[in-house]
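Okay, thanks for making time, everyone. Let me put the model up and walk you through a few spots.

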Amino acid sequence: MTTTARLFSAASLLAFPLFVLAQDPAAPRPADPIRVSVESPALALGDWAKALAFAEPASPDKAQVAVRVEKKEGDVWAVAFTGRGEFEGQDDALTCSAAAGLPEAEAKTAVLQAIKLGLMRYVSKTPLSGRVSISLLDAVKPTAVADPWNFWVFSLGVNSFVNGEKSYNSQSWMGNFSAGRVTPDWKIRLSLNGHLNKDAFNVLDYHYESKSHSLGGSGLIVKSLTDHWSVGGFFNLSSSTYQNVRLSLAPAAAVEYDVFPYSESTKRQLRILYRVGLTRVRYREETIYDKTRETLWSESLSATLELKKPWGTVSATLRGQHYFHDFKKNQLELNGEVSFRVFRGLNFNINGGGSRVHDQLYLAKGGASLEEVLLRRRQLATTYNYFFSVGLSYSFGSIFSNIVNPRFGSGGGSSFSLSF
Amino acid sequence: MTRIFASLAAAGILTIGSTARAGLVEPGQADINGLKKSAPKVYLDCPSCDLEYIKTEITFVNYVRDRKEAQVHVLITTQATASGGREYTLTFIGQGDFKGTDDVVKFFSNKTDTEDEVRKDLVKSLKIGLAPYAARTPIASRIAVSYAAPPAAKPGKDKWNHWVFSLSGEGFFNGESSMSRHSWGTNFSANRTTEAAKIRLGLSGHFDRARYEVGGETIRSRRESYSVNGLYVFSLGAHWSAGAFFEAESSTYENTKLGLRAAPAVEFNVFPYAQATRRQLRLLYRLGGGPVRYHDETIYDKIKETLWGQSLSVTLDVKEKWGAVSVSGSGSHYFHDFGKNRLDVFGSIQLNLFKGLRAHVFGGGSRIRDQLSLAKGSATLEQILLRRRQLETGYNYFAIFGLSYTFGSIYTNVVNPRFGSAGGGGIRIVIH
């Protein structure tokens, strides 16, 4: 190892003001280089501006940022930044060190690097920021940290939702526990959750109360094989009044192939997952097939496409499944979401899903009441289901205006979304 | 500082690179992994950001799942811009070794930007804001900064004079053998926002149809509403604004054939409006009224009437590193009968209490004494169950509570997309 300069920090001197005065965002300024003066009496920095590119040398009285490099004890170099004009009051201090006895060139490299990174906070307030790229030169393992828990994370939660008025009230309660360990080689996830729901209607002499509950648990373990292949297993436990299931246990083994390398997952994925397993189930009420319990073997294949590109986002899953005791007991399901910018101003989005359903083995013989139908408290016999929504929006006019005016509230009325 | 030195010396990896790639000394893999151990610990306070993308794009810091474990807490807040885009404010708060080193970086997204474009800009701003913190740790030696000179083109003049128009439509459909439902919504808006004045005009319509098959019988149900609204506000200094609201609406749920309302208003913000992305405490007073015509005769024997009233509302919005609070309360009454009034409260509180423990409460309630539009006839069973008609009530409320405790590993650097990434479970609340 020939180079032994070190770069590290000193305590910083001054906080930046939390609220930066608004520039007029409607009038973007041209990306002029930032004017910097550098005083370095003890170390020749040569043509530092060339190494920085985004800065131009200026005399101390014309500079937006004045940099002073000083030698401290023990071959430590102190680099002080002083903001001027629009950057008044925004100061910073960094230190770096080069081991004694090494050529001055090494110290120069370390000092220039400190100047470059230290100037970033001034660059971030100017239009130059859009033209600067910052990256780590080396690939690094995300697990290169000292972690006494060895990547295990545990979480406990409770949630509730209640609402009502004089003639109606409803409450739901949810509890969950999860434990997981995710590293690039293994993914382990365990979770348990319970859900309780109650609705009551009271209008004149009409009273109706409806309750439902469900309990679920899941386990997942995945081993990474290559940048395209993984193997693993699932375990599911569930109980639900909606589906007439008292208890079902379903272990399954699975293998997955991603057409694109997993390392590109945040940009594109096309994952194909094959799964084979069994389900042991006990029903609440006798089913339309005269069963109160059964053991079912099944297999499924699914393909998931996820793309996030400059023109928009696509996320879609196609899944098919059948039982082995009767191949006609099957299901085909498509779910997807596409948001697409046709051109600047015109955005189109669609999301939805549909299923062809021939495997409702759990339907109870008894049927459902009017209230159970309208409140969707029981799963009903069907051969299909679908939902989709489409949206189109077109904006024109001054569509790049960045003015923020919070008076009388921002936005056209508040909205909130809640997702589970 | 001594600690950083010590850990470096122990790893025996004191390398520095210049950004001139040619002259670079490539360190071994062990070296960079050693440097990564002392990289800044960052907590990203932005549940709606694409965190996996950020983690794969910015590798010169370590990510932790709790703010108390972090050396840099990045609080990301957004506000709507005039064009329907968002202003992102990234507040960097130094903690522990970096206490006192704070910074603010902003960027803007456009309404027509795709998710990919927004996340790229966010990553750019995060990198630039994190660079000064990385400069205080040994990993700084391996960070490259490059600069691309700008093209000569200058931004054009705004021929639309700040007006932004938007047209949108959406449809929602679902069904199975025994039911089907569809709803439609359309919306047109024209807005002009400058720092001195704000004009908003909107037109919208929604309708909803459903069909259920129960025991051989078909039940059909519908709900419709239309509205036109306008707002004009002008600025009177850093704390005061004045303006007026206008609204016309029609709704089957509320038994209103056509209601018209105009109301001048004045607002005072205790904090300067310039701090709105982090804190606001706004008091808004409105005075106004107008004529209304009903679909069916009301319980007060009216088919039309003219109503005048006043209202006062208070809104507090605070986003700090310990969490976020948004609370509002409003009271209103009619002048012809002070007993016809209502009181509404609405609040959302999200707290990061101590290491690993988070709580949120979200809810609202109203005390209602002003249901002047209630129709005389009683509602049918399916109108009640499907909530197709407003019913007589003295109050309403809703509330969501949540508590979660997380312990174990604090690091969240790893992105593993195998068998899908979804965390499963959990609730997310987004308020705009």
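**One threonine, then the interfaces**

Let's start with Thr89(B), which sits in strand S4 (residues 86-94) of chain B; strands here are DSSP E runs of at least two residues, helices are H or I runs of at least four, and both are numbered from the N terminus. Quick housekeeping: this is a predicted model, so local features need pLDDT of at least 70 and side-chain atom pairs pLDDT 80 or more, while totals for chains, interfaces and linings use all residues. Residues are numbered from 1 along each chain as its sequence is written, and chains are lettered from A in the order written, with ligands numbered from 1 likewise.

So, is Thr89(B) buried or exposed? Buried, because it has 23 C-beta neighbours inside 10 Å; the cut-off for buried is 20 or more, exposed is 12 or fewer, partly exposed is in between, with C-beta atoms placed from the backbone. Beyond four places in sequence, Thr89(B) is in contact with Thr77(B), Val104(B), Lys106(B) and Thr277(B), contact being C-beta atoms, placed from the backbone, within 7 Å.

Now the domains. Chain B is assigned domain 1 (2-142), domain 2 (161-236) and domain 3 (260-432), with bounds from an automatic or database assignment. Domain 1 puts 19 residues into its contact with domain 3, which puts in 18. On the domain 1 side, S3(B) gives the most, with 4 residues.

Last, the two chains: 149 residues of chain A touch 147 of chain B. Strand S19 (residues 384-397) of chain A pairs antiparallel with strand S7 (residues 163-176) of chain B over 13 bridges, pairing needing at least two DSSP bridges. There, Asn385(A) has Glu176(B) as its bridge partner.
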